[in-house]
Structure formats: C-alpha cells, structure tokens
Amino acid sequence: MPENLEISSNEEITLLDWNAFERPQKKWSKEFFSSIIVMAFLASIILYFIEGLMPVLVIWSLVFMIWAMSRTEPRTEKYAITSWGLKTTERTFRYETMTTFWFETKWGGRLMHINLAHMPWHIVIVIDPKKEDQIRKLMLNYVVFQLPAITVVDRLVKWLGEKIPLE
C-alpha cells in the first residue's frame, strides 16, 4: 500500500482508473475464415461417424462464436484499481483473492492477466499501455508479479500455429 495513503478498511479509494475495450479483438481475413470452415467441415465428417451429431454441433457453434466475436466491436469499459482491488463495470476483484498477475501483448494491445483463488480462476483485462507502469506499481503492493511457466502444451500450440497458418 502506498505510504502516504491513510484509509480505513471500510473506505474504498480509487487509486487509478482507465477506459479500455472489454476484450482484445482482431479482424480476421477471409482466408482465415475459409481455413476454419474447411477444417470444421473435415472434423465434422470424421466426428459424425465416430460419435454422432453432438460433436458436430459443438464444432459449428465454435465457428459461429469466432465469426460473431470477430464481427462485433467490443464495448468500452471503465476499469479502476482501488484500495480494495480491481474494479470493472460488473465486479470488484478483491486483492485477497488474487494470486499472481503478469502482462502480455496480443493482437497489438496490452493485456493484464490475473490468476484468482476462486471462480473464474483467471481474468484478462485490456489496459492502457501508457498506464502500464502505474498499474504494475499499484498491483505490486498487493499481488505477486509472476510470468507463467511455458508448458509442453504452450510449445505445441506455438509449433502448430507456425506449421499450419490459418491466414
């Protein structure tokens, strides 16, 4: 907690706030969607004969979700770091429930990942890159900064992404 800040436990004080999109977004090309549709069609044929109709419906619902999220602009949300925790438009995540946090760049935007001790277990917040240093300093007063370990699955996904480009 900052040294010059005298607060009671009942009083919530906003330490830093910013506006950002509610989720990262990328506009996918027609080549990406044609690749996704071809892969979904092939997987649907295979899984239909193995398991039936339900996996096919799941595959096509995922294709629709990817398409809908690509075409829908995310809303602008207000985020704030307060004396109690991280406040979004819908919820306040208390510092006591946060275990670790780290930053990453994805699709040209800066993201802050926070692991939680309870459901939803992990949140991703789009941050203003100009305020990243301030956010880091404030969060370090309450939460541990720790980059996640790179697992075998992470390496496999990266390798597949390089070998099978969808765009």
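1. Four strands form an open sheet in the order S1-S2-S3-S4, with antiparallel pairing; strands here are DSSP runs of E of at least two residues, and helices runs of H or I of at least four, numbered from the N terminus. Two strands are taken to pair if DSSP finds at least two bridges between them. Strand S1 (14-21) and strand S4 (92-94) are the edge strands, each pairing on one side only. From one strand to the next, the twist averages 15°; axes are lines fitted to C-alpha atoms, for helices over the stretch in contact, and angles run from 0 to 180 degrees between N-to-C directions.

2. The model is predicted: local features need pLDDT of at least 70 and side-chain atom pairs count only at pLDDT 80 or more, whereas totals for chains, interfaces and linings use all residues. Residues are numbered from 1 along each chain as its sequence is written, and side-chain values use heavy atoms, with hydrogens and water left out.

3. Within the antiparallel sheet, strand S2 (residues 76-82) and strand S3 (residues 85-87) are joined by two bridges. Ile81 stands opposite Leu86 in S3. Helix H3 (residues 132-140) lies across S1 and S2 and runs at about 130° to S1.

4. Another open sheet of four strands has the order S7-S6-S5-S8, with mixed pairing. Its edge strands, each pairing on one side only, are strand S7 (122-127) and strand S8 (144-145). Strand S5 (residues 98-106) runs parallel to S8, and two bridges join them; Thr100 has Val144 in S8 as its bridge partner. H3 packs on this sheet as well, touching S5, S6, S7 and S8, and its direction makes about 165° with that of S5.

5. The largest nonpolar core has 23 residues, of which Trp18, Leu86, Met98, Met112, Ile114, Ile135 and Met139 touch the most other members. Such a core is a set of buried Ala, Val, Leu, Ile, Met, Phe, Trp, Tyr and Cys residues joined through side-chain atoms within 4.5 Å. At least two residues of this core come from each of S1, S2, S5, S6, S7 and H3. A second, separate core of seven residues includes Trp28, Phe33, Ile59 and Val63.

6. Which strand holds His113, and is His113 buried or exposed? His113 belongs to strand S6 (residues 109-116) and is buried, with a relative accessible area of 9% (buried means under 20%, exposed over 50%, partly exposed in between, with a 1.4 Å probe and protein chains only). Its contacts (heavy atoms within 4.5 Å), leaving aside neighbours within four places in sequence, include Trp102, Glu104 and His122.

7. The whole structure contains seven salt bridges, each defined as a side-chain nitrogen of Lys or Arg within 4 Å of a carboxyl oxygen of Asp or Glu. Lys78 and Asp17 form one of them (3.3 Å, N to O); because Lys78 lies in strand S2 and Asp17 in strand S1, the pair ties together parts 61 residues apart in sequence. Lys78 is partly exposed at 48% relative accessibility, as is Asp17 at 30%.

8. Glu132 and Arg110 also form a salt bridge, with their closest N and O atoms 2.8 Å apart. This pair links helix H3, which holds Glu132, to strand S6, which holds Arg110, across 22 residues. Glu132 is buried, at 11% relative accessible area. Elsewhere, salt bridges that share partners join Glu22, Arg75 and Glu77 into one network.
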